[in-house]
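Could you walk me through this structure? I would like to follow how its side chains pack and pair.

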Amino acid sequence: MNSLKGNKLYSIFTGTCPVCQEESMYKASNPYKVSKLFAMHDRCSNCGTKYKMEPSFFFGAMYVSYAVGIAFATAAFVISYFFLSLPLLPTFIIIVATLVIFLPVIVRWSRNIWINFFFSYDPKKAKS
C-alpha cells in the first residue's frame with residue numbers, strides 16, 4: 001500500500017498524517033476501541049504537523065460525517081432493497097444497523113476527510 005502514498009485517499013483510509021503520511025493521527029488505530037475513538041496525537045512525530053489548528057477544528061467534520069453516513073445508508077438501502085429484494089421494514093432495520101455498526105468508522109473517516117481539506121502531502125517531509 002506504500003505505492004499509494006501521496007494520494008489523499010491513502011491518508012483518509014489509513015488515518016495517517018495528511019502531510020507526511022508516516023504516522024497514524026490516532027492514539028488507537030482501531031476505531032472500535034470506543035473509549036479512544038476521538039483520542040488523537042497533538043502533532044505528527046515525524047513532520048510536526050499540528051492536527052488541531054484551532055480548538056474546535058473538528059466540528060466541521062460533523063458536516064462531512066452527515067455525507068459519509070448518507071453514503072453508508074444509501075449503500076445499505078440499495079443492497080438490501082434492490083439486490084436482496086427485502087421489504088421496506090427489514091431494509092430500514094438494515095440501514096439503522098449499518099449506521100450503528102459503522103459509526104466508529106464513519107467518525108474517523110469524517111475527521112480524516114476534514115483534515116485533508118486543509119493539508120496536502122509533502123514528499124519532502126516523508127521518510128525516505
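The charged end of arginine 108 sits over the ring of tyrosine 26, 3.9 Å from the ring centre; a charge counts as sitting over a ring if NZ of Lys or CZ of Arg is within 6 Å of the ring centre and within 35 degrees of the ring normal. Arginine 111 does likewise with phenylalanine 58, its charged end lying over that ring at 4.6 Å from the centre. Before we go on, please keep in mind that this is a predicted model, in which local features need pLDDT of at least 70 and side-chain atom pairs count only at pLDDT 80 or more, while totals for chains, interfaces and linings use all residues. Residues are numbered from 1 along each chain as its sequence is written, and side-chain values use heavy atoms, with hydrogens and water left out.

Let's stay with arginine 111, which belongs to helix α4, residues 103-118. Helices here are DSSP runs of H or I with at least four residues, strands are runs of E with at least two, and both are numbered from the N terminus. Arginine 111 is buried, with a relative accessible area of 13%; buried means under 20% relative accessible area, exposed over 50%, and partly exposed in between, using a 1.4 Å probe and protein chains only. What does arginine 111 touch, not counting residues up to four places away in sequence? The list is Tyr26, Phe38, Met40, Phe58 and Ala61, where contact means heavy atoms within 4.5 Å.

Although buried, arginine 111 has no salt bridge, and the nearest side chain of opposite charge, aspartate 42, is 9.8 Å away. A salt bridge requires a side-chain nitrogen of Lys or Arg within 4 Å of a carboxyl oxygen of Asp or Glu. For charge, Lys and Arg count as positive and Asp and Glu as negative, while His and the chain ends are not counted.

So where is a salt bridge found? The structure holds one, and it joins the side chains of lysine 5 and glutamate 22 at 3.1 Å, N to O. This pair links distant parts of the chain: lysine 5 is in the segment before α1 (8-14), and glutamate 22 is in the loop between α1 and α2, 17 residues apart. Lysine 5 is partly exposed at a relative accessible area of 24%, and glutamate 22 is partly exposed at 26%.

Now for the rings. The structure holds eleven aromatic pairs; rings of Phe, Tyr and Trp (its six-membered ring) pair if their centres lie within 6.5 Å, and planes under 30 degrees apart count as stacked, over 60 as edge-to-face and the rest as tilted. Phenylalanine 77 and tyrosine 81 are stacked because their ring centres are 5.2 Å apart and their planes are at 15°. These two residues are four apart in helix α2 (residues 61-83), so about one helical turn separates them. Phenylalanine 77 is partly exposed, with a relative accessible area of 28%, and tyrosine 81 is partly exposed, at 32%. Phenylalanine 77 also pairs with phenylalanine 82, this time edge-to-face, at 5.6 Å centre to centre with 85° between the planes. Phenylalanine 82 counts as exposed, at 52% relative accessibility. Elsewhere, ring pairs link Phe57, Phe58, Trp114, Phe117 and Phe118 into a cluster.

Threonine 91 is buried, with a relative accessible area of 1%. Leaving aside neighbours within four places in sequence, threonine 91 is in contact with Phe77, Ser80, Tyr81 and Leu86. A polar atom of the threonine 91 side chain lies 3.5 Å from the backbone oxygen of leucine 86.

Finally, let's step back to the whole chain. The protein chain has four helices and zero strands. Its C-alpha atoms fill a box of roughly 55 × 30 × 25 Å, taken along the principal axes. Buried residues make up 38% of the 128 residues. Among contacts between residues at least 6 apart in sequence, 60% join residues at least 24 apart.

Key:
A polar contact is a pair of N or O atoms within 3.5 Å; within protein, one must be able to donate a hydrogen and the other to accept it, and residues adjacent in sequence count only if both atoms are side-chain atoms.
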